[in-house]
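Let us walk through this structure together, one step at a time. Have the sequence and the 3D view open, and follow along as each part comes up.

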Amino acid sequence: MSKFKKKQGNTTPGISTASLPDIVFMLLFFFMVVTKMRETELMVTVNTPRASELTKLEKKTLVNFILIGRPTEKYKLKVGTKPQIQLGDKFATTDDIPLFLEKHKISVPESQRQSIISSLKIDKDVTMGIVGDVKTTLRKAGQLKVNYSAKKRERTAG
Amino acid sequence: MAKSKHRMKNEINAGSMADIAFLLLIFFLVTTTIAEDKGVLVKLPAWSDEPPPEMKLNTRNVYSVLVNAQNQLLVRGEQMQIHDLKHNTKIFIANPERREDMSENPQKAIISIKNDRGTKYNTYLEVYNELKAAYNELWEEAAMAKHGKNLDQLKPSQVKEIKDAIPLVISEAEPTKFGEEK
């Protein structure tokens, strides 16, 4: 046993991995910042159907979202299990839609108001009754551009 | 016990830091779903309080699609499966055999959808999607035949020309309008 270790041969020192955590943290923070958190809580379960003829919604500021689905577990006791409409962060009825549309309209410059699109995020198991009511309300309110939110699937052959 | 051994200072080992950070990174990568808002774009008809004007429509030009509460399809009085809908719609619009009971020409063709309040939204959207797919395919075929290019490679004026020749008319406003057709 010698007091000092003998110097090992002239091996090249390994690359220092000390900065690896910093690099990874940088990446981590990037993703954390970029990840846009949902501002509004989902109070209804929305599982959109699949469709092949999809159009992308380009300008987010010109889109307002109307959600229709059954309330999540948390709200089942409060409002029951029937399909509900969610506007912004609260449950609503079809009567609240015109005001909701108007509020969104104000935030859009006047020149772009005719290109406002309503995105309907509707659960696939909801029946058309409530959807038809919402459609009628939208028509009455003059909001005719509608986008039925859906997931991508391939077009059927034939 | 080797007392002589120099006692190491207790330092936290930072070697696993990278692993922890990687774990977090992967977690965020996996959970991040880049919210893509896509959907079937529809233009609703404007609302009017007056009853719609009586329109004299030749029944041969109307392709009525009924979806009932059992999610079954009734197309021009006959039951149909959803996966046949697109194919049949295309034949109806284009009418390649010039049949008497199908549209005179694509410009006169009208698709009419009627659904029950009990129809599932999933079925409704699928039907709408198939009808839209029929038009999209017809447009693509027309673009190929006319210009030898895909629809998305054409100039906007050429696209408009094709879409004007085969206009998309899907009526779903007043179900009673053409509802009597049996």
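Strands here are DSSP runs of E with at least two residues, helices are runs of H or I with at least four residues, and both are numbered from the N terminus. Two strands are said to pair if DSSP finds at least two bridges between them. Within this pair, A:Val44 stands opposite A:Pro71 of strand 4.

Before going further, a word on what you are looking at: this is a predicted model, in which local features need pLDDT of at least 70 and side-chain atom pairs count only at pLDDT 80 or more, while totals for chains, interfaces and linings use all residues. Residues are numbered from 1 along each chain as its sequence is written, chains are lettered from A and ligands numbered from 1 in the order in which they are written, and side-chain values use heavy atoms, with hydrogens and water left out.

With strand 5 (residues 84-87) of chain A, strand 4 runs antiparallel, and four bridges join them; A:Leu67 has A:Gln86 as its bridge partner in strand 5. Strand 4, which spans residues 63-71, is mostly covered, with seven of its nine residues buried. Buried means under 20% relative accessible area, exposed means over 50%, and partly exposed lies in between (1.4 Å probe, protein chains only).

Now step back to chain A as a whole. You will find four helices and nine strands in chain A, and from the N terminus on they follow the order α-β-β-β-β-α-β-β-α-β-α-β-β. Of the 158 residues in chain A, 37% are buried. If you take the contacts (heavy atoms within 4.5 Å) in chain A between residues at least 6 apart in sequence, 73% of them join residues at least 24 apart.

How many residues of chain A are in contact with chain B? The number is 51, and they touch 45 residues of chain B. The area buried between the two chains is about 4400 Å², and carbon and sulfur atoms give 62% of that area. Buried area is the accessible area (1.4 Å probe) that two parts lose on being put together, summed over both. On the chain A side, A:Met128, A:Arg139 and A:Tyr148 supply 17% of the area that chain A buries against chain B, more than any other three residues.

Moving on to chain B, look for an open sheet of five strands in the order 4-3-2-5-6, with mixed pairing. Its edge strands are strand 4 (78-80) and strand 6 (170-171) of chain B, each of which pairs on one side only. Helix 3 (residues 121-147) of chain B packs on this sheet and touches strand 2, strand 3, strand 5 and strand 6 of chain B; its direction makes about 175 degrees with that of strand 5. Such angles run from 0 to 180 degrees between N-to-C directions, along lines fitted to C-alpha atoms, for helices over the stretch in contact.

Strand 2 of chain B is largely enclosed by the rest of the structure, because five of its six residues are buried. Strand 2 and strand 5 of chain B run parallel and are joined by six bridges, with B:Tyr63 opposite B:Ile111. Strand 2 (residues 62-67) and strand 3 (residues 73-75) of chain B run antiparallel, joined by three bridges. Here B:Leu66 stands opposite B:Leu74, and B:Val67 has B:Leu73 as its bridge partner.

Two loop residues deserve a look. Most residues other than glycine have a negative phi. B:Asn71, in the loop between strand 2 and strand 3 of chain B, has a positive phi of about 65 degrees although it is not a glycine. B:Asn71 counts as partly exposed because its relative accessibility is 28%. B:Arg76, in the loop between strand 3 and strand 4 of chain B, also has a positive phi, near 50 degrees, and at 23% relative accessibility B:Arg76 counts as partly exposed.
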